[in-house]
Amino acid sequence: MNSATVSAKPALINLLDFDRKGLQAFFVELGEKPFRATQVLKWIYQEGISDFDEMTNLSKSLRNHLKEHCQIKVPEIVAEQLASDGTCKWAVQMHCGNRVETVYIPEERRATLCVSSQVGCALACTFCSTAKQGFNRNLSTAEIIGQLYLAQQRLGPERRITNVVMMGMGEPLLNFDNVVAAMNLMMDDFCYGLSKRRVTISTSGIVPAMKRLNEVCDVSVAVSLHAPNDALRDQIVPINVKYPLKELMEACREYAKTGPRKHITFEYVMLDSINDSPEDARTLVKLLKTVPSKLNLIPFNPFPQSPYRCSSNAAILKFRDILHNAGIVTTVRKTRGEDIDAACGQLVGQVQDKSRRHLKLQAQGLSHGQ
Ligand code: SAH
């Protein structure tokens with residue numbers, strides 16, 4: 001052991017990395033009572049206090065210990081863009097230099113925050129701009145809950161965030177533990193107290209993780225389906241090769257039995273002449289009849305050099321009517337924040353790609369030069 005190792009100060013523990021259970025265990029290990037966790041959570045998330053000296057219901061010695069060994073550290077908002085429809089997009093800088101994007105979507109009766117779970121994405125859905133960025137790493141729990149913390153702080157108490165969708169950059173179920181801990185904090189009465197119906201995780205269909213989620217966390221689930229059969233889904237959502245529709249729909253049926261909404265929301269991006277024919281719609285009806293479902297049609301949002309176009313309005317409406325007439329509740333998602341590239345699939349951040357995917361795409365002339 002050299003002298004540098006001996007004198008190196010251990011890294012401070014970021015208390016935003018713990019959900020309530022984790023924080024209770026942390027305090028018990030310090031010889032404190034578990035209820036210290038709820039006191040500290042309230043200071044952090046409800047009072048917005050990050051200075052341990054101001055946590056006046058903790059003993060002086062505990063405050064001193066926390067000051068020496070812990071921190072409350074959030075990432076930093078480095079850019080803000082406001083769209084004409086009130087949607088706001090923030091670039092959130094992580095301490096490693098990477099950036100992700102977080103989007104605030106105000107509506108008449110609710111305000112939704114779209115939160116990122118990874119820097120980039122390791123999946124390669126062909127119509128998604130985040131996918132083209134490649135992948136760097138999972139976000140920590142602090143970096144995920146930090147997006148809600150920062151957004152709420154920025155918006156102030158008058159503009160409360162009522163809903164969170166894990167639909168930003170990344171595949172949340174491939175960052176399982178950190179995403180679950182962050183969602184626990186979103187729903188915890190001592191933190192944000194959002195109802196489980198108002199926290200939604202969106203997945204491209206990581207089947208084993210959907211089963212695990214069912215056991216540990218009770219949130220609403222949306223599945224990015226995008227194709228009515230394996231042949232097409234294998235091409236545009238390649239994770240389908242590993243977890244084909246039969247397994248995916250089985251996992252959805254299981255989740256719907258116990259999940260807070262008793263149905264699964266399926267997302268389906270409308271790609272001109274790819275997945276939008278009346279025959280596709282009829283095949284989709286048969287597939288969705290096997291699961292309690294709702295369907296959300298998403299007009300494709302273009303990005304530079306994407307190989308697709310959005311389906312025509314007429315095609316989208318016809319598609320919707322076929323599903324609707326077959327008894328499946330179908331909505332067409334209103335595109336929000338389009339003028340600031342904040343719409344679905346347009347989030348790019350700044351990713352130091354470790355997967356080298358952007359290099360491969362550049363070679364094929366498909367990257368958009370981020
Ligand atoms: N990886 C997760 C979370 C991303 S959510 C998932 O796949 O569900 C983002 C949603 O927007 C997904 O349904 C995704 O498939 C969809 N999407 C991606 N690119 C899009 C684009 N260019 N236009 C419209 N929707 C898109």
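Which residues are the closest to the ligand, and how many surround it? In this predicted model, the ligand is surrounded by 21 residues, and Phe127, Ser202, Ser224, His226 and Asn301 are the closest. By type, the shell holds 10 nonpolar, 9 polar and 2 charged residues.

| Residue | Protein atom | Ligand atom | Distance |
|---|---|---|---|
| Phenylalanine 127 | polar backbone atom | nitrogen | 2.9 Å |
| Glutamate 171 | N or O atom in the side chain | nitrogen | 3.2 Å |
| Serine 202 | polar side-chain atom | oxygen | 2.6 Å |

On its own the ligand has 540 Å² of accessible area, and the protein covers 95% of this. Strand 10 (199-203), strand 12 (264-270) and strand 13 (293-299) are the elements that each give two or more residues to the shell.

An unreviewed UniProt entry lists Glu101 and Cys344 under "active site". These positions are spread over 244 residues of sequence, yet they cluster in space, with a largest C-alpha distance of 11.6 Å.

Glutamate 101 belongs to strand 5 (residues 99-106). Its relative accessible area is 8%, so glutamate 101 counts as buried, the limit being under 20%.

Cysteine 344 lies in the loop between strand 14 (329-332) and helix 13 (357-363). With a relative accessible area of 35%, cysteine 344 is partly exposed. Apart from neighbours within four places in sequence, cysteine 344 contacts Ile298, Asn301 and Arg333. Of these, Asn301 is also one of the closest residues to the ligand.

Note on methods
Residues are numbered from 1 along each chain as its sequence is written. This is a predicted model: local features need pLDDT of at least 70, side-chain atom pairs count only at pLDDT 80 or more; totals for chains, interfaces and linings use all residues. Side-chain values use heavy atoms; hydrogens and water are left out. A residue is near a molecule or strand if one of its heavy atoms lies within 4 Å of it. A polar contact is a pair of N or O atoms within 3.5 Å; within protein, one must be able to donate a hydrogen and the other to accept it, and residues adjacent in sequence count only if both atoms are side-chain atoms. Accessible areas come from the Shrake-Rupley method with a 1.4 Å probe; for residues, only the protein chains shown count as cover. Helices (H or I, at least four residues) and strands (E, at least two) are DSSP runs, numbered from the N terminus. Ala, Val, Leu, Ile, Met, Phe, Trp, Tyr, Cys and Pro count as nonpolar, Asp, Glu, Lys and Arg as charged, and the others, Gly among them, as polar. UniProt positions are given in the numbering used here, feature names are shortened, and annotations may be inferred rather than shown by experiment. Buried means under 20% relative accessible area, exposed over 50%, partly exposed in between (1.4 Å probe, protein chains only). Contact means heavy atoms within 4.5 Å.
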